[in-house]
Structures are given as C-alpha cells and as structure tokens.
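Look at the structure below and follow how its chains meet.

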Amino acid sequence: MTTLTDPPKESFQLGMLIYDTRYRSMTIQIVALIGFMLLIGWLISNTAQNLATLGKEPNFGFLGEPAGYDINQRLIDYNSQSTHLRAAFVGLLNTLLVAVMGCATATVLGVIIGVLRLSKNWLISKIMTVYVEFFRNVPVLLWIVFTMAILIETLPAPRAFRGDNPEATMKLFDTVAFTNRGIYIPEPLFSRGLGDISVFGAFGISIDLLVILAALFGGIYAARKVTARANRIQEATGERPTTWHINLGLIAVPTLIVLVALGFHLGYPELKGFNFKGGTHMRNSLIALWLALSLYTAAFIAEIVRAGIMAISHGQTEAAAALGLRSNRIMSLVVLPQALRVIIPPLISNYLNLTKNSSLAIAVGYMDITGTLGGITLNQTGRELETLLLLMLCYLIISLSISAVMNWYNESVKLKER
Amino acid sequence: MSDIGFVRKDMLPEQAPPASEVGIIGWVRENLFSGIGNSVMTILSLAAIFYTLAALLPWVFSPTWNAGSLNECREILHAQGKEGHFAGACWGVIRERWIQLMFGFYPSDLYWRPIVTFGLMFVAVIPILFNMISRRMNWFLLAVVILLATFAFGGIIAWVLRILSAAGAAYLAYTLFATDKADRAEQIAQGAKRLPNPLIFSALFPFIFPWLLWGGSLWVPIGAILGFVIGYYVYAALAKTVGGLAGLIAGPLAAIIWWLFLVGTFAGVMESIIPLSIEAVESRKFGGFMLSITIGVVAIVGSLPLGIVLALGRQSDLLIVKALCVGFIEFIRGVPLITLLFVASTLLNVFMPPGTNFDIILRVLIMVTLFAAAYMAEVVRGGLAALPTGQYEGADSLGLNYWQAQRLVIMPQALKISIPGIVSTFIGVFKDTTLVSIIGLLDPLGLTNAIRADANWNGVVWELYGFIAVLFFVFCFSMSRYSMYLERKLQTGHK
Amino acid sequence: MKKSVIFGALTVAGLAAGAAAAGTLDDVKARGKLNCGVTTGLVGFAAPDANGNWDGFDVGVCRAVAAAVLGDPAAVEFVPTTGKTRFTALASGEIDMLARNTTWTFSRDVDLKFTFVGVNYYDGQGFMVPSELGVSSAKDLDGATVCIQTGTTTELNLADFFRANGISYEPVPIETNAEAQQQYLAGACDVYTTDASGLAATRATFEDPGAHVLLPEIISKEPLGPLVRHGDNNWGDVVRWTLNALITAEELGVTSANIGELAAGTDNPEVNRLLGTEGNLGEMLGLSADWAKSAIMAGGNYGELFEKNIGENTPIALARGLNAQWTDGGLIYSPPFR
C-alpha cells in the first residue's frame with residue numbers, strides 16, 4: 001500500500017532571493033530600481049536644496065512674460081512684446097525648417113556624390129573622394145563658420161547694387177538678388193487672396209496655400225488612379241496605354257485654375273532704402289547653416305549610398321539585363337530597391353545627426369530653438385533648469401519622431417520573407 | 001575533290017596593341033574621355049580645379065610669416081602691390097600663436113608633459129590596435145619614449161630613469177637585431193622567459209595619463225589602482241568564505257568606498273612620508289589642441305567600461321535594467337551635445353551636494369564621457385550582435401556562468417569586432433570637442449576669438465580657421481584610414 | 001578607470017569646499033589665488049597675449065584685488081566666461097568675482113542675487129555706421145540691418161528703442177565681437193550696435209577708421225562694474241574698496257610712480273589713511289595695512305589703468321568723458337576713506 005504524499009513544501013528562505021535563479025533576476029532588478037530611485041532622489045534633493053539657496057525655485061511662469069527681444073526670421077507672427085513661449089515656438093519652427101531643408105538637400109547631394117564616386121571617370125571619382133574625406137574629417141562647427149565667412153566676404157553688399165553704374169546687379173532677368181545679407185527671391189502673391197484662418201488664436205495658416213495644396217493632392221490622387229488602371233490593363237492585355245499626358249493634365253490643370261482664380265503673381269525684390277524690399281528673404285544665417293549641414297552630411301550619406309550600391313551583387317544587374325531591362329530600369333527596379341534596405345538604417349541616424357547639429361546655429365546667429373529658448377531667453381531670465389529641460393524635451397521629441405517615421409518606412413521596404 | 005588543304009602550323013606573332021589603347025594615352029582615353037558625357041565632365045572638373053587653385057595658391061603663398069600684426073601684413077602685401085581683402089594670407093598670426101593653439105595656457109616649461117603623455121599614449125595603444133608588433137618592439141618603444149622624456153627635466157630621478165631606460169632600450173635593441181622572429185620563437189619553445197605582455201602598460205596608462213597632465217602627487221593614481229586591488233581581494237576572500245554573489249557585491253562596494261572616502265587621506269599620508277609629486281597644473285590652463293585631445297581620450301577611455309555595461313544591460317532579459325539602459329542611451333542620443341554642454345556649464349553644480357565645486361573642464365569631461373558612453377554602448381551592442389549564437393551556446397555548454405562567459409568568450413571577440421566602430425566614435429567625439437568653444441572654453445576654435453581680441457590680430461579670419469581645419473583633417477583622416485585598414489583586416493579573418 | 005581618479009579629485013574638492021565655507025575672503029587667502037571671471041576676449045578690456053598673460057582694463061581690476069588680498073598681482077586665475085556662463089560661474093562659486101563689462105541692472109542685482117560693488121566704466125549703447133551711408137541720427141535707420149551681440153542687454157535696449165520710435169529694423173544676432181566686426185565691414189549689416197566703448201575699440205582696429213562714424217544717440221545707460229555674490233558682505237567690501245582705492249588714488253594724485261615716496265608718510269591724512277601709514281583701515285577689512293598700496297602698485301591708479309589699456313594713447317583711444325573724475329566733470333566718484 002502506498003500513500004500519496006505531497007511533494008515536500010518548499011519553505012521560502014531569504015537566501016533564495018540571491019541563490020535561486022527563479023528569484024535572482026527579480027532581486028537584481030529590484031535592487032537596480034531602488035538604486036536608480038535613490039540616485040534620482042539624491043539628485044533632486046540636491047537640486048532643490050541648491051536652488052532654494054539661490055532663491056530660484058523651479059517655476060515656468062517666465063514663459064508667459066514678454067520676451068523683449070526681436071527675432072529676424074519668423075515663420076509665425078512675433079514681436080518683442082510676444083511671450084518667451086512664443087519665442088521658443090518661433091525657434092522650434094526655425095529648427096524644423098533648417099532640418100527639413102538640410103535633410104532633403106543632403107540626401108540629393110549625397111546620392112549624386114555617392115554614385116559619382118563609383119564613376120568610371122577617374123578624375124570625377126577622385127574629386128568626389130577628396131570631397132568626402134575633406135568634409136568628413138573637419139568638425140562641422142568649423143564648416144558652418146567657414147561657410148558663413150565665405151558668404152559674407154564674397155557676395156556683394158546691398159549697397160553695391162546702388163547707383164547708376166552699380167558694381168553688382170540682380171541675376172536671372174532681374175528677379176533674384178544675391179547679397180551678403182542673404183538671397184532675395186520673388187515671392188508668390190495673391191491679388192484675390194482668401195486670408196488666413198487662425199489656429200487656436202496663436203498663429204494663422206494661409207487659406208490660399210491650403211486650397212492650392214488641396215488641388216495639387218486631388219490631382220495626384222486622380223493621376224494615381226489612372227496609373228493603377230493602366231497597370232490593370234497592362235496585366236490583362238500586355239499593352240500599356242500611354243498615360244503620361246493624362247497624368248500631367250490631371251495634376252497641373254486644377255492647380256493652375258486655382259492659381260489663376262486666386263490672382264497669382266510674383267512679387268519681385270527691389271532695392272529700397274537700406275535693403276531690398278519685397279520678395280522672400282533667405283537670410284545668410286539660414287543659407288550658411290543649411291549649406292554647411294547639407295554638405296557635411298552629404299559626405300556621410302555619399303559613403304552610405306556607395307556602400308549600399310556596392311553591397312548589391314553584380315549578378316543582380318546581369319540577371320536584370322538578361323531579362324531585357326534597360327539600364328535605367330535596372331537601377332530603379334532592381335538595384336535601388338535592394339540597396340535601399342542597406343542604406344536606410346544608417347541614413348536615419350544621419351538625419352538625426354543633422355537635426356541635432358542644427359543646434360550649432362548659434363555660431364552664425366540663426367535663431368533656432370537653441371538660440372531663442374536656450375540662448376537669449378536663458379540669458380535674460382536666468383532660468384537655466386527650466387529652459388534646458390524644455391530644450392532637451394523638444395529635441396528628444398523631434399529625434400524620437402524622426403526615428404519612428406523612418407523606422408516605419410524601413411519596415412515597409414524591408415525584405416518580406418515568405 | 002581535292003586533298004589540298006591549308007592548315008596553319010605556327011601562330012601569327014602577337015602584335016602590340018594600338019598606341020591609343022596603352023600607356024598614358026590609353027589610360028586617359030579609358031578613364032577620362034571614354035564618351036562625350038565623360039569628356040565634358042572631365043573638362044569641367046579640370047576647369048573647376050584650375051580656378052580653385054588659381055584663387056587659392058596666390059593667397060596661400062604670401063610672404064607674411066614674420067609680420068607682427070595684421071597692419072604689418074597689409075604693409076608687406078602693399079609693398080608687393082597686392083591690395084584688397086584677399087590679397088594674401090597673414091601667416092604672422094600662426095607663427096606667433098601656434099604654440100598657444102597647441103597647448104593653450106599650459107605652463108611653457110612643462111610642455112614636455114603633454115608631449116610625453118601623448119607619446120606614451122601611442123605606445124599604450126599599439127598592442128591594442130596593431131597586434132602584429134612584437135612584445136620586444138613594444139617595450140623598446142616605451143623605453144625610448146621614457147629616455148627622451150628624461151631630457152626634459154633634471155635631478156637625480158631623471159638620471160636614474162635615463163640610465164635605466166637607456167640600458168633597457170639598448171638591451172631590447174640588441175635582442176631585436178640579434179635574433180629574428182623564428183629564433184625567438186625557438187628560444188621561447190626551449191623555455192626562455194617571454195617578456196611581460198605590453199597590455200600591462202596599456203592598463204596602467206589610464207592612471208599615468210591624468211597624473212602626467214594634471215600633475216600632483218603620484219600617490220593619487222597609486223591609490224586609485226589600489227582600489228581595484230582592494231576590490232579584488234575583498235571579492236576573492238568573500239567568494240571563498242561566504243559565496244560568490246556576496247563577493248561580487250562587496251568587492252566593488254569596498255572599492256567604491258575606498259575611492260570615495262579614503263583615497264584622499266591615503267594620498268595625503270603617503271605624500272607626507274614619501275613625497276612623490278610633480279607640479280600641479282589646473283585644468284583651466286588646458287587649451288588648444290591639447291584640450292581637444294584630452295577631452296577626446298578621456299571620453300573614450302571613460303566611456304568604454306560604461307558603454308559595455310550599458311550594452312550588456314540593453315541586451316539583458318531583466319526588464320527594468322533593460323528599460324533603464326535603453327532610456328539612458330536614447331535620451332543621450334536624442335539630444336544635441338551642445339545642450340549637454342550647457343548642462344555642464346550651468347547646471348551640473350546644481351545637481352551636486354551644496355558646496356561641491358569642480359571646475360568647468362572636469363564638468364565637461366563628465367558630460368562628454370556620458371555622451372560618448374551612449375554611442376559606445378551602441379557600438380558594443382553591434383559587436384555583440386555580430387557574434388554568432390554558437391559562441392554564447394558554446395560558453396554555456398562549458399558550464400561558464402554569465403560573467404565568466406562574458407569575460408572569457410563574448411567580450412574579447414565582441415570588442416575586437418567593435419574596434420573600427422570605437423575608432424570612428426573617437427573621431428566623432430574628437431571633432432565634437434570644438435563645441436566646447438560655445439561655452440567659453442579655449443579649445444582651438446575658442447582661442448581664435450581670444451586671438452582676434454588682441455588689437456594686433458583683430459580682423460584675422462581665414463588663416464586661423466584654415467590652420468585649425470588642416471590640423472583636424474590630418475588627425476581625423478589618419479585615424480579613419482587606420483580604422484578602414486583595421487576593418488579590412490578583421491573582415492579577412494571571418495571570410 | 002579614469003573615473004576613479006576623477007572621483008578621487010571630486011572627493012578632495014568636496015572636502016576642500018566643505019572645510020572652507022567660512023567666507024570668500026578666507027577661501028581666497030587659503031587658496032593663494034583669486035579666481036576672476038573675465039570675457040573670452042574683448043580688445044582693451046580683457047585678452048590673453050601669446051604667452052597666455054591676460055591684459056586689459058577689467059583684468060586690471062582683478063589684479064588690483066589680488067594684490068590687495070594676497071599681495072601679489074599675479075596671483076589670479078582668469079576664468080573666461082561667456083554671456084551665458086558668467087552668472088552661473090559666479091553663483092556656483094567657481095569664480096570669486098566677475099569683472100566682465102557687466103551692466104548693473106535691477107534684475108541682476110535683485111533677482112539673480114548679485115552685489116555690484118561699484119562702477120568702473122560708465123558706458124551706453126551706441127551705433128556705428130559707415131560714413132558713406134550719410135546717416136546722421138539713429139532715427140534715420142528705418143529698415144536698416146543691425147548687427148548685435150547676443151546674450152547682453154543690448155538686444156533688449158535695441159528692441160525698446162526701435163519700438164519706441166516706431167521704426168522697423170532687421171536684427172542680426174552675433175555671438176562675438178570679432179564676427180560682428182567681420183559682418184559689419186563686409187556690409188552684411190548697415191549698423192553695428194553695442195556699448196560705445198566697444199564700438200570705439202572696434203573702430204580703432206579698422207583699416208580706415210575715418211570711414212565710420214558713431215551716431216550721437218546713446219540709447220541706454222550701461223554702468224559696467226565688478227560684481228560678487230549676495231550674502232558675503234565682507235568679500236563685497238574688499239572688492240568695493242579696492243576699486244574705490246584705485247579711484248581715490250587718482251583723485252589724490254597717488255600714482256604707481258610716486259607711491260613709494262608717498263607711502264613713507266605725507267602731510268595729507270587721507271593719503272596716509274589710504275596707504276596704511278595712519279589708522280587701521282586694512283585691519284578692518286581683514287587685510288594687511290598696505291593693501292591699498294599693493295592694489296595701486298599692481299597696475300597703477302584708476303586713471304593709469306584707463307590710460308594704459310583704453311586711453312587716448314592706445315589704439316582704442318577712448319576719451320575719459322563720463323569716466324573722468326568728478327572733479328573734472330565726470331561721474332567717477334569714490335566715497336571717502338575715513
């Protein structure tokens with residue numbers, strides 16, 4: 001006769017927290033968490049104590065006070081009586097502006113240079129190598145300062161345009177003025193404009209722009225429908241109907257109609273008083289920062305593109321050629337889609353670097369968020385803790401959104417294994 | 001039907017290829033003018049090169065080396081009939097200030113210390129970076145550097161060191177000449193003693209480095225090394241008696257307590273018994289390229305252990321540890337370095353207990369080290385990911401525990417794969433050190449402002465920037481070439 | 001690995017800081033060095049030479065204080081600060097005093113909690129334009145592009161001035177004087193505005209100074225002076241009276257040339273009190289009896305410092321103007337040594 005006995009009950013002992021692998025990881029984690037909490041608590045208590053001695057208890061009230069300083073480049077309304085918060089926002093928009101412009105230009109330049117580095121022309125490929133090595137191995141801050149100095153020293157001052165026999169003249173049929181204060185280009189104007197709509201009462205968005213964008217995107221949507229239909233016909237019959245003229249019409253005509261309806265015309269810059277008036281003014285600080293960041297980052301992107309193209313085995317190209325594809329189709333249908341998978345992850349980190357490097361705007365006086373919130377506002381209010389926290393938060397959000405968007409894109413082009 | 005046939009019995013003699021296909025002409029046709037598009041591009045590039053050089057060279061070759069001020073430069077150029085803004089460079093400013101651009105305000109009679117430090121650094125990294133140099137060669141180089149260094153100062157110690165290092169160098173040189181590699185291998189096989197591993201010096205160098213640069217008592221770095229020894233012995237003692245984990249906790253704890261509270265006293269007491277100190281130099285005297293290199297080296301050396309810990313934490317299964325590590329890495333990588341430097345310059349003292357005050361360069365070093373650690377963690381993570389799973393499984397099957405596996409199997413391989421990444425992180429950090437000029441430190445770029453504030457040189461721009469750019473280029477370019485060489489070398493090992 | 005050494009140094013620094021919370025004066029004496037915040041470089045006011053020796057008008061004040069406290073004008077560590085870092089450096093105790101052409105304003109005094117010990121230079125914000133523009137008043141500057149140095153009170157003054165006069169302008173913010181000068185000379189801005197002394201100093205180094213004029217408007221009051229932290233009145237007194245000693249010395253005709261002779265004793269009781277041959281002013285401050293003598297010998301009296309660094313015989317060529325002694329119609333005025 002046998003009696004069933006329960007397995008011996010394990011009694012829990014303290015030592016098991018350390019020696020039993022079931023509990024050990026938990027113990028380590030809790031110890032780490034407690035250690036981390038203690039560290040944070042220690043830092044916060046130090047900070048509170050120090051700030052109390054200095055009489056600067058953390059307080060974000062200063063953001064609502066008038067900033068008192070002017071900002072030259074502003075994408076939304078701003079004057080010296082606006083609040084520090086608004087100044088920070090103006091700066092944030094400027095950061096985003098230069099980051100977007102920089103990323104776009106750097107990508108284009110980088111791809112061109114990367115492809116040219118593989119060129120069969122010895123001279124061209126050598127020049128591109130020299131370019132890449134020069135830009136990669138000198139600090140970006142130096143390039144920014146350099147570019148600014150070159151723009152200032154080589155372009156003519158507005159006063160050189162004055163007089164009957166001026167030293168400098170406007171370029172491109174008198175529409176664009178290159179000066180050492182920046183470039184003045186014609187601006188779009190609407191004689192029958194629809195005005196602005198106000199968002200949260202904080203800033204306005206031009207209705208004209210919205211209408212044009214709506215027309216444009218409507219056209220693109222219709223064109224894609226037509227292309228999809230052409231694809232269906234091609235799959236069914238093998239014949240592809242010619243669609244490019246329909247597409248062009250669908251995209252261009254509605255936009256043109258809207259433009260004419262709104263009374264679109266260009267406003268040309270003109271020398272009046274001290275400066276050019278009218279037209280859009282792209283300031284030197286923006287151009288210098290944009291150029292320097294693009295040229296610097298392009299050198300890195302060129303390397304990435306080159307590595308990406310070289311990673312595609314030559315057999316792919318040959319196989320595509322054997323299928324009868326023309327060389328530009330080989331590039332667009334076979335080589336690039338595969339190279340993209342290699343290129344995109346490092347490209348993301350270069351976009352991130354460019355955005356972060358745009359904080360060096362301070363060296364050329366471009367008023368990005370580091371220049372407004374982390375610069376003048378910090379100096380005038382003496383609120384280091386609050387301004388720097390906000391500043392870091394902004395950059396963190398920008399960085400995380402860029403990586404999120406690009407990671408999503410990367411997922412979508414990734415090799416789908418079946 | 002005829003049976004007359006013709007069969008060639010001997011080959012036709014080979015003809016030389018047409019002159020247009022070989023030699024320089026052939027090469028030019030092939031590489032520069034292979035088509036219309038190519039020819040146009042070649043001609044355009046040649047024109048661009050010509051115009052750039054034509055604008056640049058007359059400016060660069062300007063006889064202003066001895067000028068004492070910008071006005072003197074202008075006069076010299078004026079006498080040559082050159083006028084205007086781009087008449088010629090004013091190199092006098094470089095002649096007068098290049099030492100400052102190199103060493104900042106470091107006391108001029110102590111320049112030998114940074115020079116020796118960087119010489120020793122070179123010797124210390126050789127066994128890590130170039131593993132094809134023999135041990136004898138490495139020790140020989142070390143002896144030579146020390147010998148050269150002794151000529152910078154006098155006194156009995158200098159003579160003792162000089163004689164010792166000279167003897168050592170002579171002996172090593174003799175063995176290097178007398179026996180070649182094969183002979184030496186045979187000697188070792190027969191039981192001849194091998195020289196100690198030069199990595200010992202590399203491990204000691206991080207302690208010598210701050211002592212030589214900042215000066216002060218030799219007992220401080222000795223005390224710091226003692227911390228490791230104490231930690232190890234506490235661990236060993238406890239691991240035997242109480243248990244491994246207790247030792248693992250108590251050992252580092254003992255070392256930390258030693259470093260935090262006892263090193264100062266120890267160094268003070270020992271210093272009063274046997275004074276072993278060299279003149280202390282405050283860190284605010286650091287400047288110019290010396291400052292850039294110091295920040296770069298400290299950041300990389302300091303960030304390596306931190307980065308390894310973070311990378312392991314990021315790979316671990318422990319959720320909270322992983323979250324903390326990921327949070328730290330992503331936070332640091334998500335904000336620009338300049339904001340961290342603002343924190344260093346305005347906030348770091350606020351985070352510390354009231355009354356703590358350490359100077360700006362130390363604060364910058366801390367922040368740049370944290371910054372580099374996040375990047376280093378990603379580099380090491382890449383190295384870990386590149387290791388085949390078999391290595392982990394192999395280590396497990398040998399019965400190694402986690403730390404043993406990391407120490408003996410995983411890390412040595414992962415770190416070796418990561419070296420190119422570490423070098424490029426170093427290049428990045430080194431370039432980023434120019435940012436410290438924005439918070440008022442006098443690195444080369446910061447010094448340009450100080451120099452231009454001198455009434456003699458007010459208005460000088462290109463010469464200074466050009467000089468700095470060239471120096472940065474030379475340094476970074478050679479580093480990146482080295483890293484590429486290393487990458488190729490490592491690749492051949494795997495394929 | 002390096003960390004340990006840094007932590008070691010940290011501990012030592014922490015211990016030192018804990019031991020010496022007594023007062024800045026004792027700190028400085030114990031350290032044997034004065035930590036003085038200056039600019040990263042401004043012609044005539046503070047700039048390092050090729051050997052790393054700092055020189056200039058603000059530097060002279062630092063040296064005088066060092067000489068008064070430690071008896072050695074060379075016992076100064078100059079800490080270069082930017083517009084952003086200067087106040088934190090002072091508040092955190094990294095520097096003992098700040099002599100960096102800093103404007104005395106209400107909020108800096110009350111809100112940021114600093115004590116301005118006096119004024120060593122009365123300045124005001126002015127405008128410089130190329131004479132070929134034909135501008136004779138700042139009110140004609142409608143639509144002009146203006147270069148300003150950021151991180152100072154200048155940009156606030158400028159915004160106020162243009163707003164008050166209802167005219168528009170385009171600000172070009174610039175980090176340092178050297179870059180502002182470069183932009184202005186190249187014509188990237190029409191006007192350069194900063195403190196009038198800075199304008200004069202900048203103009204003096206131009207290839208052709210005559211081609212640029214300073215406009216008559218001075219749009220702000222900029223009393224520049226050394227400052228210390230709130231809450232250490234002893235130390236504040238030391239810096240304040242060292243500055244006053246330099247000013248009084250000029251007023252009484254005590255120069256670095258005749259001080260040796262005068263220190264032997266004179267018939268003027270105020271000179272005697274100043275130089276410590278009579279009374280015990282030095283002792284009251286916690287300094288040696290000849291503190292003022294050392295301070296004056298460091299770089300001369302106020303007038304000598306002015307002449308040597310920024311006066312009319314230097315390239316900067318500033319006139320005394322407001323900064324003449326009150327007896328000569330200026331504002332420089334020291335309370336009596338009594």
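A residue counts as buried if 20 or more other C-beta atoms lie within 10 Å of its own C-beta atom. In this predicted model, helix α2 of chain B has 25 residues, and the number buried is 0, so α2(B) lies largely in the open. From its first C-alpha to its last, α2(B) reaches 36 Å, close to the 36 Å expected at 1.5 Å a residue.

Where chain B touches chain A, 43 residues of chain B are in contact with 47 residues of chain A. Helix α2 (36-60) of chain B is one of the elements that give two or more residues to this side, along with α13 (319-334), α14 (337-351) and α19 (462-494) of chain B. By class, the residues on this side of chain B are 31 nonpolar, 11 polar and 1 charged.

Chain B also touches chain C, in a contact that takes 47 residues from chain B and 43 residues from chain C. Among the elements of chain B that give two or more residues here are α4 (92-103), α11 (244-273), α12 (288-315) and α14. This side of chain B has 23 nonpolar, 16 polar and 8 charged residues.

How confident is the predictor in chain C, and where is its pLDDT lowest among the elements? Chain C averages a pLDDT of 85, and 93% of the residues score at least 70. Helix α1 (residues 2-19) of chain C has the lowest mean among the elements of that chain, 43, while strand β5 (residues 97-98) of chain C has the highest, 94. Over residues 1-21 of chain C, pLDDT stays under 50. For the model as a whole, ipTM is 0.85 and pTM is 0.85.

Methods:
Residues are numbered from 1 along each chain as its sequence is written. Chains are lettered from A and ligands numbered from 1 in the order in which they are written. This is a predicted model: local features need pLDDT of at least 70, side-chain atom pairs count only at pLDDT 80 or more; totals for chains, interfaces and linings use all residues. Two residues are in contact if their C-beta atoms, placed from the backbone, lie within 7 Å. Helices (H or I, at least four residues) and strands (E, at least two) are DSSP runs, numbered from the N terminus. Ala, Val, Leu, Ile, Met, Phe, Trp, Tyr, Cys and Pro count as nonpolar, Asp, Glu, Lys and Arg as charged, and the others, Gly among them, as polar. The expected span of a helix is 1.5 Å times one less than its number of residues. A residue is buried if 20 or more other C-beta atoms lie within 10 Å of its own, exposed if 12 or fewer, and partly exposed in between; C-beta atoms are placed from the backbone. pLDDT is the predictor's confidence in each residue, from 0 to 100.
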